[in-house]
Amino acid sequence: MIKPRYHWLSRLLLEEWRRVWAKGVANLGKGMQPVFLRVAALAWAGLSLLLALHWFVELGMVGFPDGYVTPFARATGPLLHILATACLGQGLYFLFRGLFGKGFAVRGLGLRVLIAAVLTVAPVLIVRNCPHSRTCSSAYEALTNTMMDDGAGG
């Protein structure tokens, strides 16, 4: 059996290439993390701003053509305006944080997004879907001592 003359050299080069490749992949993960977090912050900002715009448009169209506003819409209108304004504010916060912020951390950003979603998006979804939920309708009727009247019906 004939051994190649420079077998040790090719083996050394292959080991060096593997070491450099592993180091480069490890550094790539650290270098891409801030970019990923900025994109995530900007994506959440975009979603928040779109939701706030959608909610403001819907709140502007509340009522029937003759001007009648249901008791449910009158009762929940101020709350929905406050939540839409908060969603707009947190959307602007994440927009500026994504564009100009420094020192991102995965846990910090994830926690902020979760808190923003729980404080703004979840309550709006609960209030908007309340007339379709028997449990929520019962709670509304017990709290206000009036029948649920959201304008739906015949």
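I82 is exposed, with a relative accessible area of 57%; exposed means over 50% relative accessible area, buried under 20%, and partly exposed in between, with a 1.4 Å probe and protein chains only. I82 belongs to helix α2. Its C-alpha atom is separated by 10.0 Å from that of V124, a residue 42 residues apart from I82 along the chain. V124 is among the buried residues of α3.

This is a predicted model, in which local features need pLDDT of at least 70 and side-chain atom pairs count only at pLDDT 80 or more, while totals for chains, interfaces and linings use all residues. Residues are numbered from 1 along each chain as its sequence is written, and side-chain values use heavy atoms, with hydrogens and water left out.

The protein has 4 helices and 0 strands, where helices (H or I, at least four residues) and strands (E, at least two) are DSSP runs numbered from the N terminus. Along the sequence the pattern reads α-α-α-α. Of the 154 residues in the protein, 22% are buried.

Helix α2 covers residues 71-100. It has 30 residues and reaches 44 Å from its first C-alpha to its last, close to the expected 44 Å; the expected span is 1.5 Å times one less than the number of residues. At G77 the helix bends by about 40°, and a proline, P78, follows within four residues. The bend at a residue is the angle between axes fitted to the seven residues ending there and the seven starting there. G77 is also buried, as are F72, T76, L80, L83, A84, C87, Q90, G91, F94 and G98 of α2.

Two of these residues, F72 and F94, return in the largest nonpolar core: together with W55, they touch the most other members among its 21 residues. A nonpolar core is a set of buried Ala, Val, Leu, Ile, Met, Phe, Trp, Tyr and Cys residues joined through side-chain atoms within 4.5 Å. Helices α1 (7-60), α2 and α3 each supply at least two residues of this core, and the largest share, 7 residues, comes from α1. In soluble globular proteins, nonpolar side chains tend to be buried together.

L42, L88, L92, F96, L99 and F100 make a patch of about 550 Å², with areas from the Shrake-Rupley method. Patches are made of residues with over 30% relative accessible area and no salt bridge; nonpolar side chains (Val, Leu, Ile, Met, Phe, Trp, Tyr) are joined within 5 Å, and like charges within 9 Å. Helix α2 gives the largest share of the nonpolar patch, 5 residues.

Helix α3 (residues 106-129) has 24 residues and reaches 32 Å from its first C-alpha to its last, close to the 34 Å expected. A kink of about 35° is centred on A117. The buried residues in this helix include L109, A116 and T120.

A search of the whole structure finds 1 salt bridge, meaning a side-chain nitrogen of Lys or Arg within 4 Å of a carboxyl oxygen of Asp or Glu. E58 forms a salt bridge with R128, and their closest N and O atoms are 3.1 Å apart. The pair links distant parts of the chain, with E58 in α1 and R128 in α3, 70 residues apart. E58 is partly exposed, at 29% relative accessible area, and R128 is partly exposed at 35%.

Methods: Accessible areas come from the Shrake-Rupley method with a 1.4 Å probe; for residues, only the protein chains shown count as cover.
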